[in-house]
Amino acid sequence: MRSTVLDYDVSKIVELARQGKRIDGRALDQMREFSIQKNIAENAEGSALVTLGKTKVIAGLKMEVGTPYPDSPDKGSISIGAEALPLAHSEYESGRPSMSEIEIARVVDRGIRESKAIDFNGLCIKEGEAVWVGYLDFYVLNGDGNIFDAGAISALATFNNAKIPKLNENNKIVKHEYNGTIKLERLPVLTTFVKVGGKILLDPTYLEEKAAEARYSVSTTEDGYMAAMQKGIGGSFTVDEVNYMIEKGFEVGAEVRKKIIKS
Amino acid sequence: MKKIVIPGELLSVERKRLGGNVFVSEGKIYSKVLGISDDESDSASVVPLQGKYIPQVEDTVVGVVGRVVFAGYGININSFTESFIPKSAVREQLKVGDLVLSKVSNVNEMREAELSFPKRLFGGEVVEVTPVRTPRLIGKNGSMLELLAKGTNSEIYIGKNGRVWARNGNLELLKKVVLFIEENSFKSNLTNSVEDFFKKAVKGN
Amino acid sequence: MSKNEEVVVDYKKTKKRLDGRKMDEIRPLSIKAGVIPNADGSAYLEWGQNKVYAAVYGPREALPKHTANPLRAVIKAEYRMASFSVPERKRPGPNRRDMEISKVLGEALERAVFVEQFPNTEIGVYVEVVDSNAGSRVACLTAASVALADAGMPMRDLVSATGIGKAFNELVVDLDKAEEDAPDAVDIPIAILPNSEEIVLLQMDGLLTKKEWDQLVKTGIAACKKVYEIQKKALQEKFKLGEASEKLVEEKVGEKKVNTEKVVSKEANKKIKKVKK
């Protein structure tokens, strides 16, 4: 395992946090600038390149015709995967998905699934026989912390208005032709925090994640629901801290949502 | 005339004195790296624009203690390998994360640097820059370094390994100036630009 | 292109390719150097529909230790494709094709980099294809070469690559997917060190006569040189020299500079005088 983070850097982050400050001058509850660029991968049914501070993530969607699960014959499904590419950071290694990559993918997936952002009934082709399965994979191109939120934004932006391939009489995909787009019913936004030096920091950078004692993510919707939560790393949060983060989640979620709609 | 050259670019068809970062093939001189070359100079050499720190004897470097072992300390000097300092070489006990200023006394075939005269640096902050650009931060005869120290009232050490350590004074301003020099290191009239930068900064306050 | 491609295309008759290009014309190619902040060097490249990212980390300690070579740096190249970069989804994880391409890409770069300068280290070269349409490996090699130069790696030359071959009864440069699928298609990825025209990558798929090869190799090298010009521009554009003033600055290039550094080192060693307010 390569280690390049200097402990010197980490202690600096903790020191600053105790004073309510951050290395990049942000407020503790301030998110970094982010941008969304859509439709980069022409072979994909939908794609989005998201930059959150220096973190860069690209997501793409491929739709396939599959057979429905026996207990939900009229519902399509989605499958979300995440990969932190070795090209994104000197400490990222190639190989099988690590536990972190799997966790991130599952948390992003949960937010979208539980909030019923996608109408799975709308993805039914022929009840009991054929349904759409959407495979969304996102890749980290440059890692500077908070892959959770960057990944979630890229997934949402990708699904939003993604093209649905055209089918022929035998329910086989017709290449390069499309029929309709995916419309999201809700836009669940994932917001992630870390606890450093006893303080709660929103949208951590890579170094802030290294300095963190605990991490928490919450997915919130525009109509007041929480769709997913995940506490990570060791450490702990008090009930008050979690309540604070949930409230912030709704607040920040609203801002992020506006940008996703515009993209 | 100075121009940007890329690896493999032809610098001269005639014989010239050879400087750094060039190679000869069939009597012609080529650049090894992405950098700046001056074809009016009487020697062929290239100042690299990018690159890791390659230790050289006599270099002053700012190191960070990465490991503590029984016999001494593994010091990260931002190069290919760690350097080792025996416990006997330092007066006090060091711990991981401590900053040390020292001189490169020897470099072996594996590019491992031996460090001497380690001196602990207390407090302050470190700014990392592209190692090959540190000469610009120092300037001819230390002129740029003096300009930086005066303009910020800070105590500054510039490590050839791309680390600038500074304490006291206006560290925020220093970071901005260092970044400015980094981004404009290959442009002419840099000293004037830096002086202007300081003037504007003072006005802004 | 509609599915029913029963029409027999003959380039000798049409004198133009399906996308309108001339036989020796490459698709639009653009490169940007320095796009991944964490990497030591990087590049983003678009070639036709192909879109790839390349990043270089190194020279750095070779891990695991047994892979280190005491005489030189080891180049570790990895070629991967995003699941959504191809028309039919690619399952995550490297397949055999990815492994083979990773190997030949790494081997192509070895001759270019002065690996003897960095014994016991490794140079990690990672390329990721996010969209593709034939020729992704030469796109990746071209991008990787720019990333290596961007990292300040000492090299004897860049590596410039392109695809050459045959499609629809004519010899062509830079085949696109439609041409790769032609019944008589021959696909030859080739890469050279532009100065010496040494070939560092060469593979072939298909049936070709020696006479056709003799013609192709010439056109291929010429096309690679066009690619080289674009790579060169991308690197130069990242650093634009300042004002037209040719005045040499404090730092003189060449031997004098070495002396300057020595003087300065001693200066830096002395305690820098604290300027008191």
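This is a predicted model: local features need pLDDT of at least 70, side-chain atom pairs count only at pLDDT 80 or more; totals for chains, interfaces and linings use all residues.
**Entry 1: two prolines in chain C**

I started at C:Pro64, which I found in the loop between strand 3 and strand 4 (74-81) of chain C. Helices and strands here are DSSP runs numbered from the N terminus, helices being H or I with at least four residues and strands being E with at least two. The peptide bond from C:Leu63 to C:Pro64 is cis, and its omega is near -5 degrees. I then looked at C:Pro59, which sits in strand 3 (residues 50-61) of chain C. The bond from C:Gly58 to C:Pro59 is cis too, with omega near 0 degrees. I noted these since most residues other than glycine have a negative phi, and most peptide bonds are trans.

Residues are numbered from 1 along each chain as its sequence is written, and chains are lettered from A and ligands numbered from 1 in the order in which they are written.

**Entry 2: chain C as a whole, and one helix pair**

I counted six helices and nine strands in chain C. Of its 277 residues, 48% are buried; the cut-offs are 20 or more other C-beta atoms within 10 Å for buried, 12 or fewer for exposed, and partly exposed in between, with C-beta atoms placed from the backbone. For contacts with a separation of 6 or more in chain C, residues 24 or more positions apart account for 70%. A contact means that the C-beta atoms of two residues, placed from the backbone, lie within 7 Å.

How do helix 3 and helix 5 of chain C pack, in angle and axis distance? Helix 3 (residues 136-150) and helix 5 (residues 210-238) of chain C pack at about 35 degrees with axes 10 Å apart. The axes are lines fitted to C-alpha atoms over the stretch in contact, and angles run from 0 to 180 degrees between N-to-C directions. The crossing of helix 3 past helix 5 of chain C is right-handed, that is, the near helix is turned clockwise from the far one by less than a right angle. On the helix 3 side of chain C, the contact is made by C:Thr142, C:Ser145, C:Val146, C:Ala149 and C:Asp150. Helix 5 of chain C brings C:Val227, C:Gln231, C:Ala234 and C:Leu235. By class I get five nonpolar, three polar and one charged residues for this contact. The classes are Ala, Val, Leu, Ile, Met, Phe, Trp, Tyr, Cys and Pro as nonpolar, Asp, Glu, Lys and Arg as charged, and the others, Gly among them, as polar.

**Entry 3: helix 5 of chain A**

I checked the length of helix 5 (residues 239-262) of chain A: its 24 residues should span 34 Å at 1.5 Å a residue, and its end C-alpha atoms are 35 Å apart, which agrees. The expected span is 1.5 Å times one less than the number of residues. Which residues of this helix are buried? In helix 5 of chain A they are A:Met245, A:Gly249, A:Val252, A:Gly253, A:Val256 and A:Ile260. These buried residues pack against several elements of chain A, among them helix 3 (147-159) and strand 9 (189-196).

**Entry 4: chain B and its domains**

Chain B has four helices and 16 strands, and its C-alpha trace spans about 55 × 50 × 20 Å along the principal axes. Of its 205 residues, 48% are buried.

The domain assignment of chain B gives domain 1 (2-48), domain 2 (60-121) and domain 3 (125-204); such bounds come from an automatic or database assignment. I read 25 Å between the C-alpha centres of domain 2 and domain 3 of chain B. Their contact takes nine residues from domain 2 and nine residues from domain 3 of chain B. On the domain 2 side, strand 9 (60-68) and strand 12 (99-107) of chain B each give two or more residues. The largest share of that side, three residues, comes from strand 9 of chain B. That side of domain 2 of chain B has six nonpolar, three polar and no charged residues.

**Entry 5: positive phi in chain B**

I found B:Glu58 in the loop between strand 8 (46-48) and strand 9 of chain B, with phi near 90 degrees. B:Glu58 has 13 C-beta neighbours inside 10 Å, so I log it as partly exposed. B:Phe117, in strand 13 (residues 113-121) of chain B, has a positive phi of about 50 degrees although it is not a glycine. B:Phe117 counts as exposed because it has 12 C-beta neighbours inside 10 Å.
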